[in-house]
Each structure stands twice: as C-alpha cells, then as structure tokens.
Amino acid sequence: MNRRLILTVLAAASVAAITGCAGPYTVSADVSSYGNWPADRKPGTYAFDRLPSQQQSEEATKRQATLEDAARGALERAGFKPAADAKSADVLVTLGARVTAYDPVPWDDPLWWRWRGRLLSPRYGYGGWGSWGWRQDPFFDRRYDRAVALLLRDRATGEALFETHASNEGMTMGSEALLTPLFDAALAEFPKVNPKSHRVSVQAVR
C-alpha cells in the first residue's frame, strides 16, 4: 500500500509539473515610446524594412526573420495588416532585439541614427544629448536581460512616426520565447506615446 501510495503521489506530481508548464502566463516589461502618430491616422498596412546591418550575412538575415515572425502578432493586434509588398505598404517596420544582456546594441547602423535624430528633436520634446535620451532608455541598459525595439515609418515620405522599446530581466525561460510577448508589451499602448520608462504587463501562452 505504501508503495502504491508513493507511486500515485509521484504520478500526480508529474502531471502537475507538466500542466504547470502550459497555459497563459504574465510577462512584464519596462516600455518607452516616442514619436507623433497622427491622431486621425489608422494603422493601415505594413511591411518589414531591414537595415543594411540586418541583412549583411545569412545569420543576420535569419535573425531578422525570427524577429519579424515574433512581431507579426503584436502588429496585427495593434490594428495593422500585412501588405502585399513593401511598395504598397502604408508603413515600414524596422525591428531590433537584444536577446541577452551581453548582445551588442542592434541600432549601431548609421541609418538608424538618422531616424533617432528626428525622434529626439525638440518637435517631440527632446532638447538633445543633455536631456532624457537614449542613454537612459531601458533598451540600452545592460541590467536588462533582453529587449526589443520597433520603429514605424511612413512608407511614402520616410518620416519616422512611432518608436517603442520594451525590456525585461530575470526570467528563467528561453529568451527567444519572450520575443513575442515583448513586442506585445511594446505595442500595447499604441498609438499613445510615453517616453518615460514604465511597466506594462501582457498575457502570453507557453
């Protein structure tokens, strides 16, 4: 009887462990956003746009494809729809991610600084290097284990309309699995802009 009882308890514990690994869970991230999305503009259609550094090698291309797959759901939940091709899209979407705290910042490409210079201009309430800027942004803070960033540009004019970053730390599950909920957190408040880092929680499924 004791042996049977022990086996029963172990079996129940195994089931609990398995079921405990499935289902919804909450992901919290520190989010900051910038830009000036027009109040009367609908999300419209989108296409991904890769920076030169994001397509310089087969490895870089594969990494961007992974990021794009992770971001599609968040974009569509924010109201965007995939365009047939980049030439017909309303907006172009550029992505970046840091999967571990030791990864290089993905926005080193000179093209990126062109857009960031616009978003940190006085037009958006940022006076320059001395004010709150990219050095205080969680995306660049090495205490975070992982981070994602997303930039929306008007396809016709090239104007940067909306930029958002989401970062978090301390979770034990695989970093790649967190890309989708991090993009969800990054776009959870779209098109509202809040440059001050604040906590956003979203539901995800294992």
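Helix 4 (residues 179-187) lies across strand 1, strand 4, strand 5, strand 6 and strand 7, running at about 50° to strand 5. Here helices (H or I, at least four residues) and strands (E, at least two) are DSSP runs numbered from the N terminus; axes are lines fitted to C-alpha atoms, for helices over the stretch in contact (heavy atoms within 4.5 Å), with angles from 0 to 180 degrees between N-to-C directions. The model is predicted: local features need pLDDT of at least 70 and side-chain atom pairs pLDDT 80 or more, while totals for chains, interfaces and linings use all residues. Residues are numbered from 1 along each chain as its sequence is written, and side-chain values use heavy atoms, leaving out hydrogens and water.

- Seven strands form an open sheet in the order 3-2-4-5-6-1-7, with mixed pairing (two strands pair if DSSP finds at least two bridges between them).
- Strand 3 (81-82) and strand 7 (198-205) are at the edges with a single partner strand each, so one side of each has no neighbour in the sheet.
- Strand 1 (residues 24-35) pairs with strand 6 (residues 160-168) in the antiparallel sense over six bridges.
- Serine 32 has histidine 165 in strand 6 as its bridge partner.

- Helix 2 (residues 58-77) lies across strand 2 (45-48), strand 3, strand 4 (91-98) and strand 5 (146-154), at about 120° to strand 4.

Residues
- Glutamine 55, in the loop between strand 2 and helix 2, touches Arg50, Ala60 and Thr61, not counting residues up to four places away in sequence.
- Threonine 94 is in strand 4, and its side chain reaches the backbone oxygen of aspartate 49 at 3.4 Å.

How values were computed: Polar contact = N/O pair within 3.5 Å; in protein donor to acceptor, adjacent residues only side chain to side chain.
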